[in-house]
Amino acid sequence: MVDDILHRVRMTNFNFDIESNDEMRNEALVMFEDMCVVMCGSLLSTLGMPAPNRSRHAAFNLELQREKNYDLDEQAERVRKNVPLLNSEQKNVYDSLMKVVDDGTGGINFLDAPGGTGKTFVISLILCTIRSRSQIALAVASSGIAATLLEGGRTAHSALKLPMNLLMVDQPTCTTTKNSATAKLMRECKIIIWDECTMAHKLALEAVDRTMKYLRGNSRGFGGAMILLSGDFRQTLPVIPKSTAVDEINACLKSSFLWRHVKKLKLTTNMRVALQNDPSAAEFSRQLLALGNGHIPIDVVTGLISFPANFCEFTSSKEELITKVFPNIDVNYNNLDWMSERAILAARNKDVDSLNFSSE
């Protein structure tokens with residue numbers, strides 16, 4: 001790290017005779033301590049390492065500054081441009097949630113939004129609105145990919161310091177103390193938005209509830225803070241290794257004692273269908289929702305579902321599937337545009353390996 005800093009200083013000053021010094025070593029320690037504060041809420045001195053030359057408060061205020069370091073004018077401009085783009089359903093959700101934020105009544109809200117209904121657009125607009133007021137809105141998601149879709153988004157484990165031994169404790173709490181950077185953030189935030197929450201174990205949400213009550217000194221749910229959960233229970237539920245269907249249901253957020261306090265909001269209009277005005281896309285969207293809602297007939301003997309005849313095109317073997325998706329691949333494999341327009345998806349890694357070996 002010091003070598004990196006030295007190289008930067010040499011390039012900036014156009015002087016390659018500069019040597020490393022104590023100031024550069026201190027800068028490296030500051031960077032290292034900043035990472036430790038974010039990851040585990042600890043200073044280097046408590047981890048048995050030399051401490052950088054700076055105040056204790058500067059280290060713990062870093063995470064708070066990160067959430068306040070948004071361009072207020074830019075955030076306000078996004079709000080001004082995008083609010084008129086909301087459809088009536090999205091506008092109703094936006095107004096309802098912002099009223100809760102403005103009233104300071106707190107509570108848990110769940111935004112039920114199947115893919116394509118504009119969930120990320122609405123959530124991003126709420127984040128912009130709150131941040132444009134110089135207030136803190138914490139955006140987290142259950143997966144890293146989902147977190148990248150939200151400005152300032154982080155995984156729930158990283159941002160909220162969820163415990164690694166979640167399933168080993170009767171009443172888990174987050175691994176943060178009252179004087180930590182994360183504690184300051186959780187006390188001052190106006191709202192916590194948790195995207196793809198349906199993938200999270202119910203104990204994770206309960207751990208955040210207990211921790212925020214403790215940190216904020218308030219016995220109300222989540223210490224009186226507003227929590228917005230969003231996702232789609234038709235998609236991925238918590239992954240429980242070597243579990244049964246009963247274990248999956250028991251781990252689901254709907255099985256938590258907190259769920260009875262949740263206020264539910266819905267987005268149902270598929271924006272891809274509405275904007276493209278494609279009848280076939282509308283039919284496919286309807287069939288997909290019917291599948292997710294359990295309205296597709298089930299074979300009483302095998303327990304398997306039967307797809308509608310016009311739902312998709314069926315193939316009789318893996319080889320035929322590969323040929324259908326990648327016709328003449330021996331000729332087109334160098335065509336990046338052609339390759340980027342097609343893919344074979346599989347639910348399990350062993351199926352991916354099987355398909356890859358079949359295509360060799």
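**View 1. The side chains of Asp-195 and Ser-230 are joined by a polar contact of 2.7 Å.** A polar contact is a pair of N or O atoms within 3.5 Å, where within protein one must be able to donate a hydrogen and the other to accept it, and residues adjacent in sequence count only if both atoms are side-chain atoms. This is a predicted model, in which local features need pLDDT of at least 70 and side-chain atom pairs count only at pLDDT 80 or more, while totals for chains, interfaces and linings use all residues. Residues are numbered from 1 along each chain as its sequence is written, and side-chain values use heavy atoms, with hydrogens and water left out. Asp-195 lies in strand β4 (residues 191-195), and its relative accessibility is 2%, so Asp-195 counts as buried (under 20% relative accessible area, with a 1.4 Å probe and protein chains only).

**View 2. Phe-326 and Trp-338 form an edge-to-face aromatic pair.** The ring centres are 6.2 Å apart and the planes stand at 65 degrees, where rings of Phe, Tyr and Trp (its six-membered ring) pair if their centres lie within 6.5 Å and planes over 60 degrees apart count as edge-to-face. The pair links distant parts of the chain, 12 residues apart, with Phe-326 in the loop between α15 (318-325) and α16 (329-332) and Trp-338 in helix α17 (residues 336-340). Phe-326 is buried at 16% relative accessibility, and Trp-338 is buried at 12%.

**View 3. The charged end of Lys-178 sits over the ring of Tyr-214.** Its distance from the ring centre is 4.9 Å, the criterion being NZ of Lys or CZ of Arg within 6 Å of the ring centre and within 35 degrees of the ring normal.

Notes
Helix = DSSP H or I, 4+ residues; strand = E, 2+ residues; numbered from the N terminus. Buried < 20%, exposed > 50% of the residue type's maximum accessible area, 1.4 Å probe, protein only. Phe/Tyr/Trp six-rings, centres within 6.5 Å; stacked < 30°, edge-to-face > 60°.
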